[in-house]
Amino acid sequence: MRRVIVTLLMCALAVSADARQLKPPIGKPDSIKFAVIGDSGTGDQHQRDVAKQLTERRAQFPFEFVIMMGDNLYGSENPRDYARKFEEPYAPLLKAGVKFYAALGNHDDPNQRFYKPFNMNGERYYSFRPSLTGGVRFFALDSNYLDKRQLDWLDKELAASGSDWKICFFHHPPYSSGETHGSSVVIREQLEPIFVKHGVTVVFTGHEHFYERIKPQKGVTYFIQGSSAKLRKGDLTQSELTAKGYDSGYTFMLVDIKGDELSFQTISQAGQVIDSGTTRRIELKTPEGERPITTPIPKGRGSSRTR
């Protein structure tokens, strides 16, 4: 009987260890590697647990930067808050030279754009290239105020980027199966035509306090990563939009890009891989850049509110 118990215990430990491993094809040599967090600035133990996992995973997956989906600091934003809600939880990563690139959320003071470690260079929206040879450019947007000036900027920058991969990240999700907020329809109507026109393949957002991967819409794959320190259990309805959803724990993402493939894993604060997969870059094949909708949009869902 004792031998049976020992054997079962060893099997359970093996399964647990296997669930914590990075699954192929993530971590390819010479790929662009980064992490994704969202709604992270609480300064509480949940944020610290996710930050600890993020730090530990970097030993296996040496990402060079992190993109932040907004709500970077909840509540007050004095110097002590910046330390408690950002600098201290991510201290090992910052010390190792990992860069953080922030987008603004509805709980963020726009003056965060002047905080040097967020790498916003004083701008509410901006773009950057992590590598001169990787063919990838990121576009951080301020979805709180999508005025004509910002939309014109995005249209122009995407057209001129010359990058194979154009990746946008911002706070409010154009598509969502959340009960509390749902899809940001107005933002979708403003941004989606620009994404389709210029061949944006992947979009990262936050705001909803869960993780959701949306089935491709007009060729664009949308991720919601809004549970890196906030969680709204039971809020995800698993609609026909949902490719994968998780609202039972806190999460972050690891992503790498090489050639025409983007591979990802979503990992819980307990270290469990709760989603993984690969997305291929889609080239525009028609003069209009039209790509078919692959998933119907549920009727009666969504909200025009952006805050």
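## A walk around strand β8

Start by selecting Val200: this residue is buried, with a relative accessible area of 0% (buried means under 20%, exposed over 50% and partly exposed in between, using a 1.4 Å probe and protein chains only). You're looking at a predicted model, where local features need pLDDT of at least 70, side-chain atom pairs count only at pLDDT 80 or more, and totals for chains, interfaces and linings use all residues. Residues are numbered from 1 along each chain as its sequence is written, and side-chain values use heavy atoms, with hydrogens and water left out.

Val200 sits in the loop between α6 (185–198) and β7 (202–205). Helices (H or I, at least four residues) and strands (E, at least two) are DSSP runs, numbered from the N terminus.

Next, pick β8, residues 211–214. Tyr211 and Arg213 point one way, Glu212 and Ile214 the other, and all are buried. In a regular strand the side chains alternate between the two faces of the sheet.

Bring in the partners; strands pair if DSSP finds at least two bridges between them. β9 (residues 221–225) runs antiparallel to β8, joined by three bridges, and Tyr211 has Gln225 as its bridge partner there. β10 (residues 242–246) is also antiparallel to β8, with four bridges; look for Thr242, the partner of Ile214.

Last stop, the loops. Lys218, in the turn of the β8–β9 hairpin, has a positive phi of about 55° and is partly exposed at 25% relative accessibility. Gln238, in the loop between β9 and β10, also has a positive phi of about 55° although it is not a glycine.
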